[in-house]
Amino acid sequence: MSITRRKFLKGSAAGLGCLGISSVTGFRYVSKAHAEELAAQKVKYVASSCAICTNKCVFRGQVVNGVIKRLEPQPEFAKGRGMMCARGNAGAWTPYDPDRVKYPMIRTGKRGEGKWKKATWEEAYAYIAEKTNKVVEEEGGHRSCIGFVSSEGTYHEHYWNQFRAVFGSPNSLRHPTLCLSSVIRGFMAVIGTYPSVDVINSPFIILAGADRAESIFTPDTMDMFSDRSKKIICLDPRFTKTAAKSTKWYPIKPGTDMAFALAMMNVIIGEGLHDKAYVDKYAHGFEQLTKHVKQYTPEWAAQETEIPAQDIREIAREFAGTPGAVFYPGRRSSWQGNDVETRRAIAMVNVIVGNFDRKGGLIPSVAIPTANYFYEPAWYTNSRPRLEEADVTFLNPRDGSWIPWRDRAIKGDPYAIRGLYIYKQNVVASLPNRNKTMELFDKMDIIVCVDTFMSDTAWHADVVLPETSYLERLDPPNGYGVNGIEPTLTIRQPLIKPMFDTRSGFEIVTGLARYFEDEDGFTLDEYFEGDVESHTRDAVADYPGALEMMKEKGFFTDGRTAPIGDYLSGKKAINTPTKKLELYSDDFKNRGFDPMPTYKKPADIGANKFRFVVGRHAIHTQSMTAAFPELNWHMPENTVWINAAKAKSMGIKSGDMVQLKNRTGGDVQIKAQVTEGIRPDCVYYANGYGSLSKGQPLVYGKGASQAQILEAHFEPISGNALMHETIVEIRKV
Ligand SMILES: Nc1nc2c(c(=O)[nH]1)N[C@H]1C(S)=C(S)[C@@H](COP(=O)(O)OP(=O)(O)OC[C@H]3O[C@@H](n4cnc5c(=O)[nH]c(N)nc54)[C@H](O)[C@@H]3O)O[C@H]1N2
Ligand SMILES: Nc1nc2c(c(=O)[nH]1)N[C@H]1C(S)=C(S)[C@@H](COP(=O)(O)OP(=O)(O)OC[C@H]3O[C@@H](n4cnc5c(=O)[nH]c(N)nc54)[C@H](O)[C@@H]3O)O[C@H]1N2
Ligand code: SF4
Ligand SMILES: [Mo]
């Protein structure tokens, strides 16, 4: 056994000198006279990347006399296509937001009461360690009694996961099962990867509930809508901004997209419009699929989807006849019970027209590899499996599955969970059924929350540890969210010095690690080495000039793009069990699932009831921006969309207060917004409002919370929460 827990760097690590935080870039984009004027004002530009959503757009931050003035899009950053959205712009003010968390805080009153004492970092760590060690001891030394929660975005999440691993808990809960696990699983099963889409080269795109005009995803959003010659078919129960910009909008009946996809295949295969040579060479199970989809005629699908049979037929024919046509995979799909199967059907529509690994089609994403530290994972004789291991077929051990995990944690089944360590995930707002999350919190002896703001989760924690904001912090190079067709590494560099008593994720984790020991008596900080600066330097040491480029421009690319055709030429193997594109899955069959997507009718919602659907708002990210003053003024509270005819029959007018009740005790009151832009059987309102935290005064009690009305259901193949299985009753109050 080694004497120390020192780590080794994978890959080479040529010394590149000091990184020099806060690089100042030149005034390359302004006239000489303007540059002189700016220099006199002590203007500097720092290249960095946005942290307000997953896209990580790169910008040049203008800092005047030490104050951040604006974030300008970095025109050379290909994935951002020269864009910064409203949210990214509003981010410039977040360091100055009076409501940010400025120092560590320890709860003094009851949970959620809002009574705190200001603490030093060492006091906060010592408090956490004492409580944690006590419960671990009470649980027989099992560190699995602490759940570790985290979302990506800061590039420091990696350290959080490392801390969990060396601390010795298997219970890691990340965001994917609230987001895209089901779509990943569905596409993986058919084409062996969750692909990028070559939107720019695709003339014909079908979007099933992927609201790209509002659910911004770069560069797809820009590529999709900047070229008006593209034909876009939008299936969505709501008239979204995407619907408005599409060639054709169909208010599809929720949960019936699989019927649409199956009927498309019925037409394409039935009329011999599929790509025969491609299917012969690359696909597995075409014969079975041909027989299987015979039953799914457009006339049948019309009854399910409420899209006319003739339209389905014409869309299918045009789709098959247009090279580069693509049925877009989407991201946070997770609608209803059979979501993995729906995604599989959508992937198959793409396969039969031969668009995988071809221009305009589904392109396997690539990344720029970085050198990473690897470390010896700690070994604990007391280790146990994850709590919800038996509940999900394809459980990703690092992501976990939130819904069954929470149920088991509440019951202590098969063992007790006593604490939650939460990093950058606002679980109180992002998990369906907020009452249940509160029930979970009530059972906890220790809740630690690392956040920049007093989110609903921070508000209910015992200790809040403030992370330094993304504009004051160095984040190591990262490719997550910027991998794809034009892979890039992005970085974050501080525009200004930290304004308050905050720390970066790495500093928080390594500080806390000093308070715990492993089984051999080594303190856990032994498992960490270096600092963010050295990690940044070492990560790209294999690429000459990369560090300098990142410092100057905020990103690094060596110009590579995803090669198209490597899978079809045989240079790379398709990552499925048969090494073919699977239109029939023996693997699914062996696990007791349908080998081919088999339609199951969504349950009838009942008379005078509504399905609650979830969707993004273009100026908000999830639960975290509704309280940004620069965005909140556009929409100080949310309102519930109710179909005009339906509202009339119920005597509801816009602005009336209504009550929504779900089937599991969820109950909210919110103002109505009467609109033609939603099906009569659905209702919708935006995320981020109806907050419980008085530390977010702009959204505290304003409008209604989605988490409070969403029922908790999950899909057992991928473990994804089902966000559109909520049925509500409405009455005017
Ligand atoms: N009701 C409802 N629930 C949902 C969804 C929905 O649409 N509606 N969408 C689902 C999807 S797709 C996803 S991806 C998840 C996302 O869910 P989460 O991962 O919980 O994302 P956010 O709601 O944006 O919350 C992010 C939290 O991180 C904090 N934060 C921001 N910057 C930093 C930082 O630099 N450091 C630290 N430590 N904290 C920071 C914010 O203040 C906020 O509290 O939610 C899922 N859940
Ligand atoms: N502005 C902004 N952009 C974002 C984010 C953000 O918070 N704000 N979040 C990012 C993240 S983490 C993610 S995961 C992506 C999410 O991006 P998307 O995957 O596009 O997710 P949503 O916006 O939730 O869109 C879901 C849409 O599906 C519709 N829908 C509901 N049920 C059905 C159904 O049964 N069939 C069909 N066809 N449609 C249905 C809803 O009405 C809604 O418009 O967006 C990313 N981009
Ligand atoms: S799309 Fe996301 S990353 Fe890009 S500017 Fe907007 S919020 Fe920032
Ligand atoms: Mo997401």
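Predicted model: local features only at pLDDT ≥ 70, side-chain atom pairs only at ≥ 80, totals over all residues.
Helices here are DSSP runs of H or I with at least four residues, numbered from the N terminus.

**Domains**

The domain assignment of the protein chain gives the following parts.

| Domain | Residues |
|---|---|
| domain 1 | 5-96 |
| domain 2 | 105-178 + 380-488 + 502-539 |
| domain 3 | 195-364 + 573-590 |
| domain 4 | 610-732 |

**Where domain 3 meets domain 4**

Between the C-alpha centres of domain 3 and domain 4 there are 29 Å. Domain 3 brings 22 residues to the contact, and domain 4 brings 23 residues. Together the two domains bury about 1,800 Å², with 58% of that area on carbon and sulfur atoms. On the side of domain 3, the most area is lost to domain 4 by Arg238, Arg332 and Ser334, which together account for 32% of what that side buries.

What about the polar side of this meeting place? Nine residue pairs are in polar contact between domain 3 and domain 4, both partners being at pLDDT 80 or more. The count of salt bridges between these two domains is one. Glu306 and Arg679 form a salt bridge, and their closest N and O atoms are 3.0 Å apart.

Strand E11, covering residues 231-235, runs parallel to E12 and is joined to it by three bridges. If you look along this pair, you will find Ile233 opposite Lys248 in E12.

**Two buried residues**

Is Met258 buried or exposed? Met258 belongs to helix H8 (residues 257-270), and it is buried because its relative accessible area is 0%, where the cut-off for buried is under 20%. Beyond its neighbours within four places in sequence, Met258 touches Asn338, Glu341, Thr342 and Ala345, and also Pro597, Thr598 and Tyr599. Lys601 is 343 residues from Met258 in sequence, yet their C-alpha atoms are 9.7 Å apart in space.

Asn171 sits in the loop between helix H4 (157-167) and strand E8 (172-174). Asn171 likewise counts as buried, because its relative accessible area is 0%. Its side chain makes a polar contact of 3.0 Å with the side chain of Trp405. Leaving aside neighbours within four places in sequence, the residues in contact with Asn171 include Ser144, Phe148, Arg164, Arg386, Tyr415 and Ile417.

Terms used:
Residues numbered from 1 in each chain as written. Chains lettered and ligands numbered in written order. Heavy atoms only, no water. Pairing = 2+ DSSP bridges. Buried < 20%, exposed > 50% of the residue type's maximum accessible area, 1.4 Å probe, protein only. Contact = heavy atoms within 4.5 Å. Polar contact = N/O pair within 3.5 Å; in protein donor to acceptor, adjacent residues only side chain to side chain. Domains from an automatic or database assignment. Buried area = accessible area lost by both parts, 1.4 Å probe. Salt bridge = Lys/Arg side-chain N within 4 Å of Asp/Glu carboxyl O.
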